[in-house]
Amino acid sequence: MPAADRRTRLSPEERRRQLIALGVQALADRPLEQITIESLATEAGVSRGLVFYYFSSKTGLHHEIVAAARDSLMRATEPKPELAPELRLRDTLDRFVTYAREHRSTFYSLVRGAASGDADVREIVDEVRTAQAERLAAMFDDLGIHATPRLTVALRAWVSLAEQALVDGAMHDGVSRIELLEFLEGSCLAVVRLVSPGSPG
C-alpha cells in the first residue's frame with residue numbers, strides 16, 4: 001500500500017483496523033517479536049506517536065495482532081452447518097489445511113504464540129485450541145458421540161497435534177495438501193475411536 005494512501009484521513013476505528021491489518025501482514029516475513037511500534041509506523045507512513053496512541057506499547061500491539069490472526073483463522077475454518085457431520089468434518093479440516101498453507105508465516109506465528117513469554121498471548125492462542133476442540137466435539141455429537149471428559153482432553157490434544165503437523169507440512173512442499181488432509185482426518189477419527197469405543201469411522 002503506497003504511503004500516500006496510508007495517510008488518507010481515516011476515522012480512529014478505521015485507522016486502528018488498518019494498523020492491525022498491517023501488523024498481521026508483517027507476520028508474512030518476520031516473527032511477532034520483530035514487529036515494533038516503530039516498524040509499524042514506518043510501514044503505515046504515520047508517526048510513532050499515533051501508533052503508540054492506539055496500542056500503548058509493543059505488548060499491546062502484539063496482543064491485537066495475535067487476536068486478529070486468531071479471528072482470521074477461526075473465520076476461515078468455521079464449520080458449515082448445512083453439511084452432513086461427516087462431510088462437515090472433512091470440509092473444515094480441508095479449510096484448516098488451506099489456511100495454514102496459504103498463510104504459512106501467520107499460522108506459524110500464531111502457533112508459536114503458545115510458547116510466548118506473554119501470558120495474554122498464550123491465552124489468545126489457547127482460546128483458538130479450545131474453540132477448535134469445541135467445534136469438533138459438536139460435529140461428533142451430531143454423529144452420536146457425546147462429549148465426555150476423556151473426549152474433551154483427546155480433542156484438545158489432537159488440535160495441538162494438528163497444529164504441529166500443519167506447521168511442518170506447510171513448511172515442506174513435498175507434503176501435499178491431500179496428504180495433510182488425509183492425515184488430519186484419519187488421526188482425528190482414530191483419537192475419537194480410541195476414547196469412544198464403538199464410534200463410527
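View 1. F52 is found in helix α4, which covers residues 48-55, in what is a predicted model. With a relative accessibility of 40%, F52 counts as partly exposed, because the partly exposed class lies between the 20% limit for buried residues and the 50% limit for exposed ones. When residues up to four places away in sequence are not counted, F52 touches I37 and S57. The C-alpha atoms of F52 and I37 are separated by 6.7 Å, although these two residues stand 15 residues apart along the chain.

**View 2. The aromatic cluster of Y53, Y54 and F55.** Y53, Y54 and F55 form one aromatic cluster. A search of the whole structure finds three aromatic pairs. One of them joins Y54 and F55, whose ring centres are 6.4 Å from each other and whose planes make an angle of 55°, so that the pair is described as tilted, because only planes over 60 degrees apart count as edge-to-face and only those under 30 degrees apart as stacked. Y54 has a relative accessible area of 18% and is therefore buried, while F55, at 5% relative accessibility, counts as buried as well.

**View 3. The edge-to-face pair of F96 and F107.** F96 and F107 form an aromatic pair with a centre-to-centre distance of 6.0 Å and an angle of 80° between the planes, an arrangement that is edge-to-face. Because F96 lies in helix α6 (residues 85-102) and F107 in helix α7 (residues 104-112), the pair ties together parts that are 11 residues apart in sequence. Both F96 and F107 are buried.

**View 4. F107 in the largest nonpolar core.** The largest nonpolar core has 56 residues, and of these F107 and L136 touch the most other members. Helix α9, made up of residues 149-171, gives the most to this core, with nine residues. Leaving aside residues up to four places away in sequence, F107 touches L73, F96, Y99, A100, E163, L166 and V167.

**View 5. The largest cavity and its lining.** Two cavities of 30 Å³ or more are found in the model, and the largest of them holds about 70 Å³ of space. The lining of the largest cavity consists of T77, T92, L93, F96, Q132, R135, L136, M139, W158 and V159. Helices α6, α8 (119-142) and α9 are the elements that give two or more residues to this lining, and the largest share, four residues, comes from α8. By residue class, the lining of the largest cavity divides into six nonpolar, three polar and one charged.

View 6. Five nonpolar residues and one charged residue make up the lining of the second largest cavity, with no polar residues present.

**View 7. L22 in helix α2, shown with V121.** L22 is found in helix α2, which covers residues 12-26, and with a relative accessible area of 3% L22 is buried. Between L22 and V121 the distance from C-alpha to C-alpha is 18 Å, and 99 residues separate the two in sequence.

**View 8. The whole chain, for orientation.** The secondary structure of the protein chain comes to 10 helices and zero strands, and, read along the sequence, the chain follows the pattern α-α-α-α-α-α-α-α-α-α. The C-alpha trace spans about 60 × 35 × 35 Å along its principal axes. Of the 201 residues in the protein chain, 43% are buried. Among the contacts in the chain with a separation of 6 or more, residues 24 or more positions apart account for 66%.

Notes
Residues numbered from 1 in each chain as written. Predicted model: local features only at pLDDT ≥ 70, side-chain atom pairs only at ≥ 80, totals over all residues. Heavy atoms only, no water. Phe/Tyr/Trp six-rings, centres within 6.5 Å; stacked < 30°, edge-to-face > 60°. Buried < 20%, exposed > 50% of the residue type's maximum accessible area, 1.4 Å probe, protein only. Core = buried A, V, L, I, M, F, W, Y, C linked by side-chain atoms within 4.5 Å. Contact = heavy atoms within 4.5 Å. 1 Å grid on protein atoms, 1.4 Å probe; cavity = no way out; pocket = protein on both sides within 12 Å on 5 of 7 lines; lining within 4 Å. Points joined across faces, edges and corners; volume = space filled by probe spheres on them. Nonpolar A, V, L, I, M, F, W, Y, C, P; charged D, E, K, R; others polar.
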